Amino acid sequence: MVGTRLDKWLWAARFFKTRALAAEAVGQGRIAVNGQPAKPAREVRLGDRIELRQPGPPRVVVVEGLATVRGPAPAARLLYAEDADSLAAREAFQQARRLAPEPATALEHGRPTKRDRRQLADWNRWSASIEPE
């Protein structure tokens, strides 16, 4: 096997849930191979360096195996090796996310209660409004 289509390899390595999503990400310029923008049909070969920009820090992986079919996750992990800097950045991002404050605690009141809604309705009912005569 000389090479595999980029979108098919990304799907087989489980970076994307469907091949269509992989092709869309490549088409939007979120994937680079060896520092060059790529197209979905580009051939991926052993030793290629793939840069993925997904939510979170960018990932850099080196192709260590080729596959055209999607297999189990443990087999998919054998298709690539993640760069040490990329792995450290991802772990730091996950740690920062874990230690970040809970967004729900920033809300002071939350959803209005039935009593609050009645008070708001009374306020709107008796508020001054200018109506043309």
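This is a predicted model: local features need pLDDT of at least 70, side-chain atom pairs count only at pLDDT 80 or more; totals for chains, interfaces and linings use all residues.
**Exercise 1. Work out what the salt bridge between D7 and R19 links.**

Step 1. Start with the contact itself: the side chains of D7 and R19 meet in a salt bridge, at 3.4 Å from N to O.

Step 2. Now place both partners. D7 belongs to helix α1 (residues 6-12) and R19 to helix α2 (residues 19-27), so this pair ties together parts that are 12 residues apart in sequence.

Step 3. D7 is buried, with a relative accessible area of 3%, whereas R19 is partly exposed at 33%.

**Exercise 2. Look at other salt bridges and then at a network.**

Step 1. How many salt bridges does the structure hold? There are 7 salt bridges.

Step 2. One of them joins the side chains of R42 and D48, with 3.7 Å from N to O. Here R42 is partly exposed, at a relative accessible area of 30%, while D48 counts as buried at 10%.

Step 3. Another brings together the side chains of R45 and E43, at 3.0 Å from N to O. R45 is partly exposed, with a relative accessible area of 42%, and E43 is partly exposed, with 36%.

Step 4. Which residues do salt bridges with shared partners join into one network? They are R5, D7 and R19.

**Exercise 3. Decide whether A38 is buried or exposed, and list its contacts.**

Step 1. Locate A38 in the loop between β3 (36-37) and β4 (43-44).

Step 2. Read its relative accessible area, which is 12%. Buried means under 20%, so A38 is buried.

Step 3. Set aside the neighbours within four places in sequence; A38 is then in contact with L6, V26, I31 and V33.

Step 4. Take L6 from that list. A38 and L6 are 32 residues apart in sequence, with 8.3 Å between their C-alpha atoms in space.

**Exercise 4. Describe A75 and its distance to A12.**

Step 1. Look for A75 in helix α3 (residues 73-77).

Step 2. The relative accessible area of A75 is 37%, so this residue is partly exposed.

**Exercise 5. Which residues form a positive surface patch?**

Step 1. The patch is formed by R111, K114, R117 and R118.

Step 2. R111 lies in the loop between α4 (84-99) and α5 (114-126).

Step 3. Is R111 buried or exposed? Its relative accessible area is 74%, and exposed means over 50%, so R111 is exposed.

Notes. Residues are numbered from 1 along each chain as its sequence is written. Side-chain values use heavy atoms; hydrogens and water are left out. Patches are made of residues with over 30% relative accessible area and no salt bridge: like charges are joined within 9 Å, nonpolar side chains (Val, Leu, Ile, Met, Phe, Trp, Tyr) within 5 Å. Accessible areas come from the Shrake-Rupley method with a 1.4 Å probe; for residues, only the protein chains shown count as cover. A salt bridge is a side-chain nitrogen of Lys or Arg within 4 Å of a carboxyl oxygen of Asp or Glu. Lys and Arg count as positive and Asp and Glu as negative; His and the chain ends are not counted. The place of a charge is taken as NZ of Lys, CZ of Arg, CG of Asp or CD of Glu. Helices (H or I, at least four residues) and strands (E, at least two) are DSSP runs, numbered from the N terminus. Buried means under 20% relative accessible area, exposed over 50%, partly exposed in between (1.4 Å probe, protein chains only). Contact means heavy atoms within 4.5 Å.
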